Amino acid sequence: MLAAACLFASLASAAHCIPARWPSGRPESLDLLEGSPINAVLLEPAHWNRSFVEAARRRHVAVLGVIHPGGSVPALARRAAQFGMAAVVLDGDFSRAGAAAAKAGLPVIELPARQKILSAGDAMVTGTAQALWPGIQIEHGGKVSTGPSSAPWIDTNTGFLRFLSAATPSVIWLGERPPPGNVIPVRRYLLAIADAAIVNARWIVSLDRDFERRLLRRESTALQDWNQINGYLRYFESHSEWRDTKQFGTFAVLEDAAGGGLLSAGLLDMLSVLHKTARPIAARRLDAGELENAQIVLNAASSLDGRERSLLEEYGRSRGKLLEPPPGWYFPPVATEQIRPTPQQADAIQPLWESTYDATLRGNFGARTFNTSTIIFTIRASGDSKKLIVHLLNYADYISEDIAVQVTGLWRTARLYAPGEPAHDLPVYPVRDGTGVDISKIDLLGSLVFE
């Protein structure tokens, strides 16, 4: 299967770009992309050269010139254009540098701090340089950190990404690099890819320095790990129709950036750890259609204008159950560099969490899972609502077994997909308000498709 070209002429073409940070400017290093779905490489200024760009073009790989704060943005952007690069990437926080870079005639991709993502409006690619490395959170001394109901706490970007995808139609990229000085096991790379992809976002593949050195030397173990990474990228590209699905759920959470929507470990992640379905609605895009299929709506937005308030009040009067924050509630201000709630912000979430827990107890608002303490799921629906996709991602280092999944609605078939494994049908059975299936095991990722 030929991959679509990575272009930045439209939102549809940008959606085909599969990015990676590239560790070398030597044209022969591109041989490592043979058979890989990666079709866009982010190149540091020290590696910029015309021979590399020309070699990449022959492979139908777009070269994106990375610019960091402190450099001369106009000069570097002009230089990138002279080399024939496809775009420039502003990696970090800049002050109104996008317009200056655009004068060079190249598309500009910005990766600012999370809290600045939405300030420039909708772009073809919306991204950030701030993300978490997914996995089970381990406290100092090796103890597993716990979250609600004593379940293991999972570091994930999915809650933040689900809000962001509700807030913007853009293609979403995560540009987090490996922690300096760390050697990352390949399973953590696969988690990083899947943690973004199950929310229809893309993690910019970025390898630790040790991995980069071994890969450029073509060491066998590095090549094996590289093949696994490419296998996970291919898995999602082989099911490109999943990118046309939408977030699903009849319990909706209305959020905004000022109320913590761009933070990880917030309300959406707390609900995920408890295996509850919650569909985010961004206040900036609230309309009657977003509320149409909701049985319950939680207002967790920090502030609403008159139009937004009217829509919510009309919903509460005539269509469903509206959960409002306590009188006088507010969310403490979010700092520019924040990615997690402060203790004061966590305290502000608590009353929302309590009302949510009581209102949704034992309810199924899209999907529920059982025996999944280390698994987070996302649920999406096709545009015609004739198909449900439930991605189950296991953040532990061991296989999860004897899993049960229950989805709302009556479905005739369920098929389980997993990277590197043949798809197979699972028996379905009726449950209260829906359909159930049992899964014997999930190593890292399983995708259930109900029809």
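Select Val186, Tyr189, Leu190, Ile193, Ala194 and Ala197 in helix 6, and then Asp225, Gln228, Ile229, Tyr232, Leu233 and Phe236 in helix 8; these two groups meet each other in this predicted model. Colouring the residues of this contact by class gives ten nonpolar, one polar and one charged.

Two packed helices are described by the angle between their axes and the distance between the axes.

To see the contact, select Phe211, Arg214 and Leu215 of helix 7, together with Thr221, Ala222, Leu223, Asp225, Trp226 and Ile229 of helix 8. By class, the residues of this contact are six nonpolar, one polar and two charged.

The next stops concern empty space. Rolling a probe the size of a water molecule over the atoms shows where empty space is left.

Select Ser165, Thr245, Lys246, Gln247 and Arg380, and centre the view on them. Of the 31 residues that line the largest pocket, these lie nearest its centre. The volume of this pocket is about 890 Å³. To follow its lining, highlight the elements that each give two or more residues: helix 1 (11-14), helix 5 (158-167), strand 9 (171-174), strand 11 (246-247), strand 13 (279-282) and helix 10 (288-291). Which element gives the largest share of the lining of the largest pocket? Strand 13 does, with four residues. Coloured by class, the lining of the largest pocket shows twelve nonpolar, eleven polar and eight charged residues.

Finally, turn to the cavities. How many cavities of 30 Å³ or more does a search of the whole structure find? The search finds six. The largest cavity has a volume of about 130 Å³. Select Arg162, Ala278, Phe377, Thr378 and Ile379, which lie nearest the centre of the largest cavity among the 14 residues that line it. Then highlight strand 17, residues 375-381, which provides the largest share of this lining with four residues. The lining of the largest cavity divides into six nonpolar, five polar and three charged residues.

Methods. Residues are numbered from 1 along each chain as its sequence is written. This is a predicted model: local features need pLDDT of at least 70, side-chain atom pairs count only at pLDDT 80 or more; totals for chains, interfaces and linings use all residues. Side-chain values use heavy atoms; hydrogens and water are left out. Contact means heavy atoms within 4.5 Å. Ala, Val, Leu, Ile, Met, Phe, Trp, Tyr, Cys and Pro count as nonpolar, Asp, Glu, Lys and Arg as charged, and the others, Gly among them, as polar. On a 1 Å grid over the protein atoms alone, a cavity is a set of points where a 1.4 Å probe fits but cannot get out, and a pocket is an open set with protein on both sides within 12 Å along at least five of seven lines; lining residues have an atom within 4 Å of a point. Grid points are joined across faces, edges and corners, and a volume is the space filled by probe spheres set on the points.
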